[in-house]
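Good morning, and thank you for coming.

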Amino acid sequence: MSNRPAANVGLVIVSHSPLIAQGTADMVRQMVGDEVPLAWCGGTADNTLGTHVPAILAAIDRAWSERGVAILVDLGGAETNSEMALEMIGVERARRIRICNAPIVEGAIMAATEASGGASLEAVVATAEELSPL
Amino acid sequence: MADARLADRPAPMIAALHPGAPDLAVLIHAAHAAIADHAGELDRLDAAIGDGDHGTNMRRGFAALQVAAEDVAALPQAEALQEAGRILLMTIGGASGPLAATLLMALGRALSVRPASEAWREAVAAVAARGRASPGDKTVIDVLTPVAAALETGAAAASIARIADAACAATRPMQARRGRAAALGVRSIGHIDPGARSAALLAQVWAKWAAKQP
């Protein structure tokens, strides 16, 4: 990643499985290179399938952009833990973070592509969420 | 059958958690013991309709909380609940970590501004909002809701334990509408919800402890 402040919205991928999270991140990198700050986390503290808040907080730190961060999640626990992480991180940063209601792989690719073009956080999230039913 | 001695004593509710109460550490140790003793059972309940790790996750969280029991007990009430919630949040993981943490943290916040009875109701509402669950969805809410309602009417400790047990058993015929179990549809019927079971276990521990408070 470059040393200059991130010009684009960042992306965090949160899966129960580290393999899915990393694989999704690999696919994103293939699309957008290092144009988008990107981090992933998956698995619990003792390396079982699951998600937990400290890992999500650390991933948000790694992908942080002043323009905001979009989070892609897989199943319910990933979403609940991400919401909890937002509560822990403080209002100032939390208002620049959104959890996308979108399928994790497709949503990440769409969000990253949008973000790489310099789109706003709202536009990035909306693009990912176009993939969701309803 | 619950301890008969408890039956006619009003539950002192969480107000028993007076600042720096050394007995809070006793409650934490008892909660850890109950969860550890039943971790296998909770995993099996979860394996039937979920991902099979509820007991393992809860045991990890309460083990961490137990290590800090005396430090937590030394804090003023609201901070003790916040800190206990934070520890569980960082260690339980899964879907249960945020729910347990939300209950304790919301309770800590609410207790500083309103009476204990109403604070419980508010904390349970916070858990329901966090998990987007309603009564009847076959979740921990199905135990917490009647327990909070009973606390609000000043029910005796022993009856709180009984209400929690009955509410837990009542999740068996329910069809899950939240969490991983919801994907099973009608096949989730006939199993007790693991979150309801762990909540009932903790309610029993709490009732025993509360009945001993002055």
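In which hand does α2(A) cross α3(A), left-handed or right-handed? Please bear in mind that what we see is a predicted model. The crossing of α2(A) past α3(A) is right-handed. Helix α2 of chain A covers residues 53-62 and helix α3 of chain A covers residues 76-89; they pack at an angle of about 65°, and their axes lie 9 Å apart. On the α2(A) side, the residues that meet α3(A) are A:Val53, A:Ile56, A:Leu57 and A:Ile60. Their partners in α3(A) include A:Ala78, A:Met84, A:Ala85 and A:Ile89. Sorted by class, this contact holds ten nonpolar and two polar residues, with no charged ones.

Let us stay with chain A and turn to another helix. In helix α6, residues 121-129 of chain A, the buried residues are A:Leu121, A:Val124, A:Val125, A:Thr127 and A:Ala128. Why do they fall on the same side of α6(A)? They span an arc of only 160° around the axis, and therefore they share one side of α6(A). The buried residues of α6(A) pack against β3 (69-73), β4 (97-100) and α5 (104-116) of chain A.

We now move to chain B. Its secondary structure consists of ten helices and zero strands. Of the 214 residues in chain B, 54% are buried. Among contacts in chain B with a separation of 6 or more, 68% are between residues 24 or more positions apart.

Helix α2 (residues 39-49) of chain B packs with helix α10 (residues 194-212) of chain B at an angle of about 155°, and their axes are 8 Å apart. Because of that angle, α2(B) is roughly antiparallel to α10(B). From α2(B), the contact draws on B:Glu41, B:Leu42, B:Leu45, B:Asp46 and B:Ile49, and from α10(B) on B:Pro194, B:Arg197, B:Ser198 and B:Leu201. Five of these residues are nonpolar, one is polar and three are charged.

Finally, consider a loop residue. B:Arg172 sits in the loop between α9 (157-169) and α10 of chain B. Is B:Arg172 buried or partly exposed? Its relative accessible area is 42%, so B:Arg172 is partly exposed. Leaving aside residues up to four places away in sequence, B:Arg172 touches B:Lys138, B:Ser188, B:Ile189, B:Gly190, B:His191 and B:Ile192.

Methods:
Residues are numbered from 1 along each chain as its sequence is written. Chains are lettered from A and ligands numbered from 1 in the order in which they are written. This is a predicted model: local features need pLDDT of at least 70, side-chain atom pairs count only at pLDDT 80 or more; totals for chains, interfaces and linings use all residues. Side-chain values use heavy atoms; hydrogens and water are left out. Axes are lines fitted to C-alpha atoms, for helices over the stretch in contact, and angles run from 0 to 180 degrees between N-to-C directions. Helices (H or I, at least four residues) and strands (E, at least two) are DSSP runs, numbered from the N terminus. Angles under 35 degrees count as roughly parallel, over 145 as roughly antiparallel, 65 to 115 as roughly perpendicular and the rest as oblique. Contact means heavy atoms within 4.5 Å. Ala, Val, Leu, Ile, Met, Phe, Trp, Tyr, Cys and Pro count as nonpolar, Asp, Glu, Lys and Arg as charged, and the others, Gly among them, as polar. A crossing is left-handed if the near helix is turned anticlockwise from the far one by less than a right angle, and right-handed if clockwise. Buried means under 20% relative accessible area, exposed over 50%, partly exposed in between (1.4 Å probe, protein chains only). The arc is that of the directions from the helix axis to the C-beta atoms.
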